[in-house]
Each structure stands twice: as C-alpha cells, then as structure tokens.
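Morning, everyone. Let's get the structure on the screen, and then I'll walk you through it.

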Amino acid sequence: MAVSEEQLKHGANVYNTFCVGCHGVNVVSNKSVPDLRWMAPPFHENFKPIVLGGALKGLGMVGFADVLNEKDADAVHAYILDKANDAKEKRDNPDSAWWLNLKTRTYETLGELMSKYL
Ligand code: HEC
C-alpha cells in the first residue's frame, strides 16, 4: 500500500482525536489496552470491522463508524503501521539513541533500587 505524507498526517489526526486516550501517545500503550504496534495479523486483516464496525465491542473496543469513514480508517491504519515500522527499526538497530536511552534508564533504575534495598 503506497502511503502519502498527507494520509499519514490525516491518520495521526484521527489517532490523536479518537484513539490516543486508550491506546496511548505515539501508539505506545501503557499495557492496559493492546499496543497496536505489535498487533497480530488477524487484527490487521480485520482492522475495519474492528475500528469501524465495533467487532471487539464486547471487549471494550468500541466501533467508530458514526464518526469515521473508510478513508479515515485506512489513514489511521497507515499511521499505526508507520509507528510500528519505526519501532521495529529501533529494535533492530540496538545502538540507536532510543536503545541507549532505555539502557541508561534501566541501569539508573536498577542502581536506585539496589542502593535502597541492598
Ligand atoms: C475507550 C477506549 C478505546 C478507544 C477510544 C479505542 N480503543 Fe482500540 N481497543 C480498546 C480495547 C480495550 C481493546 C482490546 C480489545 C481486546 O481485548 O481484544 C482495543 C483493541 C483494538 C484493536 C485490536 C487489536 C488488539 O490487539 O486487540 C484495534 C485494531 C484497535 N483497538 C484500534 C483502535 C483505533 C484505530 C482507535 C481509534 C479510532 C481505537 N482503537 C480507539 C480500547 C479503545
């Protein structure tokens, strides 16, 4: 699927209007709801039935057919995939700043805990 900058921008808007409250800023979830960057393939295949049709309504994921159309759904899907690709790139390049930050933070936290409890 070819994705334009415009579509990504629109997807970001849709996401930040309707999804961010539950699924988290920049599509990074706090784990109380699924992190959409690591969605399993069946969820990608059923993206529209879920997001527009409310297929997972019973589980707390309402449908947005009353406020979003198919184009909006495609755009937000593209935005989520874009974020997922970013995350994958970072994971696959462990020396990136992102990883170093995480490592530093982990060691700092460990150090703090150890100084407190050991
Ligand atoms: C009111 C909170 C809420 C909002 C707002 C919300 N979601 Fe969800 N969403 C959930 C919950 C809870 C689940 C988990 C359902 C389950 O257990 O499978 C979910 C699951 C999903 C799934 C299935 C993936 C999976 O692993 O279960 C997709 C896709 C999804 N949401 C997309 C969106 C999109 C796109 C938006 C914005 C248009 C959105 N959601 C807004 C709560 C929300």
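One definition before anything else: a residue is buried if 20 or more other C-beta atoms lie within 10 Å of its own, exposed if 12 or fewer, and partly exposed in between, with C-beta atoms placed from the backbone. On that count, 17% of the 118 residues of the protein are buried.

Now the caveats. This is a predicted model: local features need pLDDT of at least 70, side-chain atom pairs count only at pLDDT 80 or more, and totals for chains, interfaces and linings use all residues. Residues are numbered from 1 along each chain as its sequence is written.

Overall layout. The protein has five helices and zero strands. Helices here are DSSP runs of H or I, at least four residues; strands are runs of E, at least two; both are numbered from the N terminus. Along the sequence the pattern reads α-α-α-α-α. The radius of gyration is 17 Å, well over the 13 Å that the globule rule gives for 118 residues, so the protein is more spread out than a compact globule. That radius is taken over C-alpha atoms, and the rule is 2.2 Å times the number of residues to the power 0.38. Along the principal axes, the C-alpha trace spans about 55 × 35 × 25 Å.

Contacts next. Two residues are in contact if their C-beta atoms, placed from the backbone, lie within 7 Å. Of the contacts with a separation of 6 or more, 52% join residues 24 or more positions apart.

Let's look at α4. This helix has 23 residues. From first C-alpha to last it reaches 32 Å, close to the 33 Å expected at 1.5 Å a residue. The expected span is 1.5 Å times one less than the number of residues. Buried residues in α4 include D72, H77 and K83. What do the buried residues of α4 pack against? They pack against α1 and α3.

That brings us to the core. A nonpolar core is a set of buried Ala, Val, Leu, Ile, Met, Phe, Trp, Tyr and Cys residues joined through C-beta atoms within 7 Å. The largest one has 14 residues, and V14, Y15, A75, V76, Y79 and I80 have the most contacts inside it. Helices α1, α3 and α4 each supply at least two of its residues. The largest share, six residues, comes from α4. Take V76: beyond its neighbours within four places in sequence, V76 contacts G11, V14, Y15 and C19.

Now the ligand. It is surrounded by 20 residues, the closest being C19, C22, P34, G60 and M61. The largest share, five residues, comes from α1. How does the shell divide into nonpolar, polar and charged? There are 17 nonpolar, three polar and no charged residues. Here Ala, Val, Leu, Ile, Met, Phe, Trp, Tyr, Cys and Pro count as nonpolar, Asp, Glu, Lys and Arg as charged, and the others, Gly among them, as polar.

Last, two loop residues. L52 is in the loop between α3 and α4. L52 counts as partly exposed because it has 18 C-beta neighbours inside 10 Å. M39 is in the loop between α1 and α2. M39 and A84 are 45 residues apart in sequence, and 9.2 Å apart C-alpha to C-alpha.

Terms used: A residue is near a molecule or strand if its C-beta atom, placed from the backbone, lies within 6 Å of it.
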